[in-house]
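Subject: structure handover

Hi,

Here is the structure I promised to pass on.

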Amino acid sequence: MTNEAGSRDESILITGAGSGMGRLAARQLADAGHRVAALDVNEAGLLETAEQHQNIRTFHVDVTDYDAVVAAVTETESSLGPIRRVYNAAAIMPLGRVVDQEVELFHRTMAVNYNGVVNVTKATLPGLLERNRGELINFASLAGWIPLIYMAAYGASKFAVVAFTEVLAHEHQDSNVNILCVCPPPVKTPLLDQARATVWPKIFDQGAPLEPQDVLDAIDAGLERNDLFVFPGRGSRLAWRMRRWLPGATWKRIHAIEGV
Ligand SMILES: NC(=O)c1ccc[n+]([C@@H]2O[C@H](COP(=O)([O-])OP(=O)(O)OC[C@H]3O[C@@H](n4cnc5c(N)ncnc54)[C@H](O)[C@@H]3O)[C@@H](O)[C@H]2O)c1
């Protein structure tokens, strides 16, 4: 984890900080002396994140609630200092075939995974642009580039994050604000339990899931290189290329793996 995440008078805001990669980033940055605003709907998860870690202030916030996000951003900037870095990591991942999933689930997935990113971006970007420095890190997924069976809702929400972040980065290409979109394959976090609780795509067994630390390290390396898109893990970039150049062959392989 880089220590170049701004001065100690600034703050770092992390959504989805009650679990997984958001939690790991919050703890590591706090341990490095940064003031961290940790946002999540999971209060117990937030408490666990902050336990024995100085410098973490928790905010029980649903990222789909724009007013609540704005209030948390305002409170963060007044109590912890101007926001220097944002990690948009909150997400849900209930899987299933389109015919088997309730319509509310599609709406909720888009609301959390995409609208949540929009809400936090809209609430934090003006400050970053005004100060003309900082980093905005949006978590998409390899599933935001490669459509997969059972992942229509989740994949669509991540495709939306990819498109949103790409446009945003180009709109501000002359600013010093570094905008990055990370697109990992499966990662060993509790998010995968949501797939276990619904449908487990066989494609997830094609390789061992990444460690959360691998993703955070890839983000840091991407920030140093000023990358817009980061594909952590061996083979991810190749899979991304395959889908772009050979979509038919990619679908053939997906059907063969899933057996449907
Ligand atoms: N784990 C993977 O396999 C994987 C792969 C690719 C991309 N990602 C992405 O990485 C990011 C981090 O995921 P993770 O694996 O650490 O997942 P995780 O499930 O461990 O953590 C996600 C956190 O988001 C929180 N959250 C859910 N809905 C929320 C809401 N409405 N408001 C606020 N917080 C909310 C959850 O409570 C949870 O604490 C996500 O955007 C995810 O889509 C994960």
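Some ground rules first. This is a predicted model, where local features need pLDDT of at least 70 and side-chain atom pairs count only at pLDDT 80 or more, while totals for chains, interfaces and linings use all residues. Residues are numbered from 1 along each chain as its sequence is written, and side-chain values use heavy atoms, with hydrogens and water left out.

**The sheet**

The strands form an open sheet of 7, in the order β3-β2-β1-β4-β5-β6-β7, with parallel pairing. Strands and helices here are DSSP runs numbered from the N terminus (E, at least two residues, for strands; H or I, at least four, for helices), and two strands pair if DSSP finds at least two bridges between them. At the edges sit β3 and β7, each of which pairs on one side only.

Strand β1 (residues 11-15) runs parallel to β2 and is joined to it by 5 bridges, with Leu13 partnered by Ala37 in β2. β2 also pairs in the parallel sense with strand β3 (residues 56-60), again over 5 bridges, and there Ala37 stands opposite Arg57. The chain gets from β2 to β3 through helix α2 (residues 43-50), in a right-handed β-α-β crossover. Right-handed means that, with the strands pointing away from the viewer, the path from the first strand over the helix to the second runs clockwise. β1, α1 and β2 make a right-handed β-α-β unit too. Of the 6 residues of β2, 5 are buried, so the strand is largely enclosed by the rest of the structure. I use buried for under 20% relative accessible area, exposed for over 50% and partly exposed for in between (1.4 Å probe, protein chains only).

Thr76, in helix α3, is buried, with a relative accessible area of 0%. Leaving out residues up to four places away in sequence, Thr76 touches Ser11, Leu13, Ala37, Phe59, Gly81 and Ile83 (contact means heavy atoms within 4.5 Å).

**The cores**

A nonpolar core is a set of buried Ala, Val, Leu, Ile, Met, Phe, Trp, Tyr and Cys residues joined through side-chain atoms within 4.5 Å. The largest one has 50 residues, and Leu13, Met93, Leu95, Trp145, Met151 and Phe229 touch the most other members. Elements giving two or more residues to this core include β2 (35-40), α4 (103-131) and α5 (152-171); the largest share, 7 residues, comes from α4. There is also a second, separate core of 28 residues, which includes Ala30, Leu210, Val215 and Leu216.

What does Met93 contact, leaving aside its neighbours within four places in sequence? The list is Met151, Tyr154, Leu191, Leu192, Gln194, Ala195 and Phe204.

**Helix α7**

Pro212, Val215, Leu216, Ala218, Ile219, Asp220, Gly222 and Leu223 are buried in α7. The buried residues of this helix pack against α1 (20-31), β4, β5 (134-139), β6 and β7 (229-230). Just after α7, Asn226 takes a positive phi of about 65°.

**Aromatic rings**

The structure holds 6 aromatic pairs. Rings of Phe, Tyr and Trp (its six-membered ring) pair if their centres lie within 6.5 Å; planes under 30 degrees apart count as stacked, over 60 as edge-to-face and the rest as tilted.

Tyr114 and Phe164 have ring centres 6.0 Å apart and planes at 85°, so this pair is edge-to-face. Tyr114 is in helix α4 and Phe164 in helix α5, 50 residues apart, so to speak a link between distant parts of the chain. Tyr114 counts as partly exposed at 23% relative accessibility, whereas Phe164 is buried at 18%.

Phe231 and Trp240 make a tilted pair, with centres 5.0 Å apart and planes at 35°. Both are buried: Phe231 has a relative accessible area of 10%, and Trp240 has 15%. Trp145, Phe229, Phe231 and Trp240 form one aromatic cluster.

Arg97 lies in the loop between β4 and α4 and counts as partly exposed, at 46% relative accessibility. From Arg97 to Ser175 is 78 residues in sequence and 42 Å in space, C-alpha to C-alpha.

Cheers
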